[in-house]
Amino acid sequence: MDCHYVTADVFTDRLFGGNPVAVVLDAAALSAKQMQAIAIEFNYSETTFVLPPKIRDHSAWVRIFTPSSEVPFAGHPNLGTAFVLATQMAARGESVPSQFVFEEEAGLVPVTLMREQGAVIGAELLAPEPLSRRAQVARERAATCLSLTPEDIRTDMHPPQVLSVGLPFLVVELASRNALRRAQPNRSGYDELLPLDGARSIYAYTRDPDGEPCAAGCHVQARMFTPRMTEDPATGSATAATAALLAEFPNVADGEFVLSFGQGVDMGRPSLLNARILKHAGTATAVHVGGKCINVMQGTFHLPGTA
């Protein structure tokens, strides 16, 4: 069986920036075991597999695999998948919709395409779940996981806490940009604390730019470390959850709340993520995250022993 794939860099408009995703376009005949093996072979933070939708009115059933396991939802894979499908349709001369609706384990994920002079340049998704606040962690334990000191952890606005809008992360606010720059995942700290309430990875952020604003003057700088002790260049699901939390602070008025997040700067793959939160009666009622994308590679692979 031959399978066609396209890779895209997400949350960037430049090759080899942002977060890469591999999109396998004709995955209906693949087993979950085969999908996991393919995700390991690509070795990206996520690989997506596009299958026919279970309900005709939806665009596709999308399955998302890390090199370790399948996940119910993730940010940049949805945006990259929508962008790849749109650009493939445009290349075939087909009409491109304004929005895709993907079926996923976490629920339905609407993804709206971003256009510039008629061309698709990126996408914005609506998170499938409202913000959930889960287990809290002492700042000493969070600091150990990030190879930092307790003084590097900021807790005046919120403690280190597991947050989710579809995929849980332990979210930790740091006191300074310098602390974010020094952060490194600590294996023993992770093993003692995670997984916790569904979270396996840690998302650390700071609202202190320390004289180092990211591209387009973003408001927040962030890094995300996985249980494999690797770093993710851009994490849409964690960004969305963090933005929803920040929107629910009492000093933020009801209405639309917009934040730009920089990520991947310290690992040389700068990314820009734009979050848009709708707040009503003090609660984040709709959580969006989006950004630009660019296609990188495409090709075909053959699975031996298949038709």
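**Salt bridges and a covered helix**

R63 counts as buried, at 15% relative accessibility. Here buried means under 20% relative accessible area, exposed means over 50%, and partly exposed lies in between (1.4 Å probe, protein chains only). The model is predicted: local features need pLDDT of at least 70, side-chain atom pairs count only at pLDDT 80 or more, and totals for chains, interfaces and linings use all residues. Residues are numbered from 1 along each chain as its sequence is written, and side-chain values use heavy atoms, with hydrogens and water left out.

The side chain of R63 meets that of E70 in a salt bridge (2.9 Å, N to O). A salt bridge is a side-chain nitrogen of Lys or Arg within 4 Å of a carboxyl oxygen of Asp or Glu. E70 is partly exposed, with a relative accessible area of 30%. A search of the whole structure finds 14 salt bridges.

Another of these pairs joins the side chains of R154 and E173 (3.5 Å, N to O). Helices (H or I, at least four residues) and strands (E, at least two) are DSSP runs, numbered from the N terminus. E173 is buried, with a relative accessible area of 1%. R154 counts as partly exposed, at 28% relative accessibility. Both residues also belong to a network of salt bridges that links R154, D156, E173 and R207.

D266 forms a salt bridge with R223. The closest N and O atoms of this pair are 3.9 Å apart. The two residues link distant parts of the chain, 43 residues apart. D266 sits in the loop between β15 (255-263) and β16 (271-280). R223 sits in strand β13 (residues 220-225). At 31% relative accessibility, D266 counts as partly exposed. R223 counts as buried, at 4%.

Helix α6 covers residues 236-247 and has 12 residues. The expected span of a helix is 1.5 Å times one less than its number of residues. For α6 this gives 16 Å, and the end C-alpha atoms are 16 Å apart, which agrees. The helix is mostly covered, with 12 of its 12 residues buried. Among them are G236, S237 and T239, as well as L245, L246 and A247.
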